[in-house]
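Reader: I have a new structure to look at. Can you walk me through it?

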Amino acid sequence: SFNHKLIDICSALNSCFHCFLPVIHKTNLNNRIVGGQDAPAGFWPWQVSLQGSRHFCGGSLINNQWVLTAAHCFPSASGVTVVLGLQSLQGSNPNRVSRTITTLIVHPNFNSATQNNDIALLQLSSPVTFTNYITPVCLPSTGSTFYSGVNTWVTGWGTIRSGVSLPAPQTLQEVQIPIVGNRRCKCSYGASLITDNMMCAGLLAGGKDSCQGDSGGPLVIKQNIRWIQAGIVSFGKGCALPNFPGIYTRVSQYQTWINTQITTNKPGFIAFTSTGTDSDLSVSCTRVLPIA
């Protein structure tokens, strides 16, 4: 069965110049969420926690007053707090800032049965001030290409295995996983389930993945000095199962929609262009016919 990567809420700049870490830079690529590790403070300053009675979904800051997340996280925005600058869900967080939500915009074509168009925007009750620990992420412009095998990072406070909570103090987790092309992904999930509005990422051997509680959070790729959010954690079959990579909303499909909703201080969009040849084009299986 397929599941969302959220914890049930009922139980629980104007330019791309600003869309990268201003002081804290990643210097060591870590290669070891499921199969992840603690993220150092300030490494992912766009990551937010959406909280009701507790954390239930992630999201990402895309300018000083808007957050990008998954549509399936939101039956409503009532009683939800957006928490920024968090290192862990428990204990002291000196860089913590919180806001309520004044506007919830779920994509009008979100389909809760198929998870197509699983994207939503949240307007914060007031703008936030950027710091080393609170910074927006860039978004990929229409037509960006993410070839199979490109390494990405996914972050969140979700379970570390299906049904196994992140242990105290619940420090933000990070894990590096490669893009899995849509043709290869369809071979596992079926051709009709994976749409052009989705992208897949994970190890075909399993063992590294986003999981419940990570929904709505960012899948990011570094291009030169900027971090670009390629995907939004959406759903998958279990967590980290072999041959079933995680499924993410393909953010580059939504530049026009996002810019239509956010009329001032629009988020920074930048093209991500993969080089070489897309190995996914040569993939075929019983569910996916060869390209003629």
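**Strands, a cavity and a histidine**

Author: Strands β12 and β15 run antiparallel and are joined by 4 bridges. Strands here are DSSP runs of E with at least two residues, numbered from the N terminus, and two strands pair if DSSP finds at least two bridges between them. This is a predicted model, where local features need pLDDT of at least 70, side-chain atom pairs count only at pLDDT 80 or more, and totals for chains, interfaces and linings use all residues. Residues are numbered from 1 along each chain as its sequence is written, and side-chain values use heavy atoms, with hydrogens and water left out.

Reader: Which residue stands opposite Gly-246 in β15?

Author: Ala-201 does. Ala-201 in β12 is also the bridge partner of Ile-179. Strand β11 (residues 173-180) pairs with β12 in the antiparallel sense, over 2 bridges.

Reader: And the residues of β12, buried or exposed?

Author: Met-198 and Cys-200 point one way, Met-199 and Ala-201 the other way, and all are buried. Buried means under 20% relative accessible area, with a 1.4 Å probe and protein chains only; exposed is over 50%, and partly exposed is in between.

Reader: New topic. How much space lies in the largest cavity?

Author: About 30 Å³. A cavity is a set of points on a 1 Å grid over the protein atoms alone where a 1.4 Å probe fits but cannot get out, and lining residues have an atom within 4 Å of a point. The volume is the space filled by probe spheres set on the points.

Reader: Which strand gives the most to the lining?

Author: β15, with 3 residues. β14 (226-237) and β15 (246-250) each supply at least two. The lining residues include Met-198, Phe-235, Tyr-248 and Asp-118. By class, the lining has 4 nonpolar, 5 polar and 1 charged.

Reader: What does Asp-118 contact through its side chain?

Author: The side chains of Asp-118 and His-72 are joined by a polar contact of 2.6 Å, meaning a pair of N or O atoms within 3.5 Å, one able to donate a hydrogen and the other to accept it. Another polar contact, of 2.7 Å, joins the side chains of His-72 and Ser-215.

Reader: Where does His-72 lie, and why is it called buried?

Author: His-72 is in the loop between β5 (66-69) and β6 (81-84). His-72 counts as buried because its relative accessibility is 10%.

Reader: What do β5 and β6 belong to?

Author: A closed barrel of 6 strands, β3-β4-β5-β8-β7-β6, with antiparallel pairing.

Key: On a 1 Å grid over the protein atoms alone, a cavity is a set of points where a 1.4 Å probe fits but cannot get out, and a pocket is an open set with protein on both sides within 12 Å along at least five of seven lines; lining residues have an atom within 4 Å of a point. Ala, Val, Leu, Ile, Met, Phe, Trp, Tyr, Cys and Pro count as nonpolar, Asp, Glu, Lys and Arg as charged, and the others, Gly among them, as polar.
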